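This briefing goes through one protein model, from a single residue out to the whole chain. Keep the structure open while reading.

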Amino acid sequence: MNGVVDFSLESLPPLREVVARHGLAAKKSLGQNFLFDLNLTRRIARAASPATAELIVEIGPGPGGLTRALLAEGARKIIAIERDERCLSALAEIAERADGRLQVVEGDALDIDLRALAGAARPARICANLPYNVATALLTRWIETDPWPPWFDRLVLMFQREVAERIVATPLQRAAYGRLAVLCNWRCETRILFDISPAAFTPPPKVTSSLVELVPRAAPLPCDGKLLSEATQAAFGQRRKMLRQSMKSLAAGDAADLLARAGLDPTSRAEEIDIAGFAALARALAEIRF
Ligand code: SAM
C-alpha cells in the first residue's frame, strides 16, 4: 500500500492471528471460549439487528470477533466491557478503525452500572457471548432491574444450552422449569434462536450453546419482584413438596390462607404453577404481610 496504513475494519488480521500476536491464551477462570468463525459471528450479530439500536452494550468482547461482526452489521455505537486487560490492545486496534463507534471499558460487568453507562441512548440493547461462569448472575441482575420497562429493549445472549432451556421453560418442561424461568418470563418474552456446536469455539466447551433472545414486556403481570423471588425460592426450594408444605416457610400458620388468596390448589407443586400463579402468590403474600 506504498506506506499508507489501511485503517478500515476489513484490514484487521484474522482473529486467530490476533489471539496469537496478543498472547490471548484462553483462561478458563474468565469463561473464555472464543468465536473465530466469521459466518457465525455475523449470524449472532444479525440476530441483534445492531443498525436499529442507538447503542449496543457488549459484555466480554475478548479478542473482538462478535464486536467486529456487530460493527460490520451497522452498529451505530458499541460500549464493550472486558475484564481481561490482555484483550485491550486487540480491542484498541478495532476501535481505531471503527470511526468512533466502539468504546471499550475495562472492568467487571458485575460491578458496572450499565444503565448509567448507557445514559440516554435509546433504543439500547445488550448482545454478548457471555462468560458462562457469570452468565446467570448477569442475566438475573438485568431482569431484576428497576424501573421496568428497563433501559434496554432486547437482550441477545449466548448461554450453555442447559441454561437456555431453563430460561425459556414452561411448566410443560418440568425438569427445566424453575425460578429462572419464572423470573425471566414474568418480565420478558423469551425464545431460543439457534444452537451453536462446541466445535465453533476455541477452546471448545464441553456442551452445546444456544443464542437466547429476551424482549422486555411493556406490562408484566403486576406483583412485587422481591416477593415473587421469595415465593419462587420457597416453592422451588422444595419442588417435590406440595405448596401447602413448601409455603410454610413463607407464612408459618397462614399457608392455607395464602394459597386460598392466590387461588392456588394447596396440593399442587411448584413445577405445576405458571407465571400468573406465581404473580398471584406474590400479591397474596403482599396482602398478608402488609
Ligand atoms: N466475545 C468473545 C467471542 O465471542 O469470541 C469472547 C467471549 S468469551 C465466552 C467471554 C468473555 O468475557 C471473555 O473475553 C472474558 O475475558 C470476558 N469476561 C469474563 N468475565 C467477565 C466479567 N465479569 N466482566 C466482563 N467481561 C468478562
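Ser-210 is buried, because 21 other C-beta atoms lie within 10 Å of its own, and 20 or more is the cut-off for that class. Ser-210 is part of strand S9. The model is a predicted one.

**Ser-210 and Met-247**

- Apart from neighbours within four places in sequence, Ser-210 has contacts with Phe-159, Arg-161, Ala-164, Ile-192 and Asp-195.
- How far apart are Ser-210 and Met-247 in sequence and in space? They are separated by 37 residues along the chain, and their C-alpha atoms are 34 Å apart.
- Met-247 sits in the loop between helix H10 (243-246) and helix H11 (255-262).
- Met-247 counts as buried because it has 28 C-beta neighbours inside 10 Å.
- When neighbours within four places in sequence are left aside, the contacts of Met-247 are Ala-234, Ala-255, Leu-258 and Leu-259.
- Between Met-247 and Thr-232 the C-alpha distance is 9.9 Å, and the two are 15 residues apart in sequence.

**Strand S6 and its partners**

- Strand S6 covers residues 152-160, and seven of its nine residues are buried.
- S6 pairs with strand S9 (residues 209-216) in the antiparallel sense, over six bridges.
- In this pairing Leu-157 is opposite Val-212 of S9.
- S6 also pairs with strand S5 (residues 124-129), here in the parallel sense and again over six bridges.
- Cys-127 has Val-156 in S6 as its bridge partner.

**Helix H6**

- Which residues of H6 are buried? They are Ala-135, Leu-138, Leu-139, Trp-142 and Ile-143.
- Viewed down the axis of H6, these buried residues fall within an arc of 130°, so they line one face of the helix.
- An α-helix has 3.6 residues a turn, so residues three or four places apart point the same way.
- The buried residues of H6 pack against several elements: strand S2 (55-59), S5, S6, helix H7 (161-168), helix H8 (179-187) and strand S7 (188-196).

**The shell around the ligand**

- The ligand is surrounded by 23 residues, and the closest are Gly-60, Gly-62, Ala-109, Asn-129 and Pro-131.
- Which elements give two or more residues to this shell? They are strand S1 (34-35), helix H3 (65-72) and strand S3 (78-82).
- Sorted by class, the shell has 12 nonpolar, seven polar and four charged residues.

**Cis peptide bonds**

- Asp-146 and Pro-147 are joined by a cis peptide bond, with omega about 0°.
- Pro-147 is in the loop between H6 and S6.
- The peptide bond from Thr-202 to Pro-203 is also cis, and its omega is near -10°.
- Pro-203 belongs to the loop between strand S8 (201-202) and S9.

**Positive phi angles**

- Ser-49 is not a glycine, yet its phi is positive, near 30°.
- The loop that holds Ser-49 runs between helix H2 (38-47) and S2.
- Ser-49 counts as partly exposed because it has 16 C-beta neighbours inside 10 Å.
- Asp-99, also a residue other than glycine, has a positive phi near 50°.
- Asp-99 is in the loop between helix H4 (88-96) and strand S4 (102-106).
- Is Asp-99 buried or exposed? With 11 C-beta neighbours inside 10 Å, Asp-99 counts as exposed.

**The protein as a whole**

- The protein has 12 helices and nine strands.
- The C-alpha trace spans about 85 × 40 × 25 Å along its principal axes.
- Of the 290 residues in the protein, 42% are buried.
- Among contacts between residues at least 6 apart in sequence, 67% join residues at least 24 apart.

Key
Residues numbered from 1 in each chain as written. Predicted model: local features only at pLDDT ≥ 70, side-chain atom pairs only at ≥ 80, totals over all residues. Buried ≥ 20, exposed ≤ 12 C-beta atoms within 10 Å, placed from the backbone. Helix = DSSP H or I, 4+ residues; strand = E, 2+ residues; numbered from the N terminus. Pairing = 2+ DSSP bridges. Near = placed C-beta within 6 Å. Nonpolar A, V, L, I, M, F, W, Y, C, P; charged D, E, K, R; others polar. Arc of directions from axis to C-beta. Contact = placed C-beta atoms within 7 Å.
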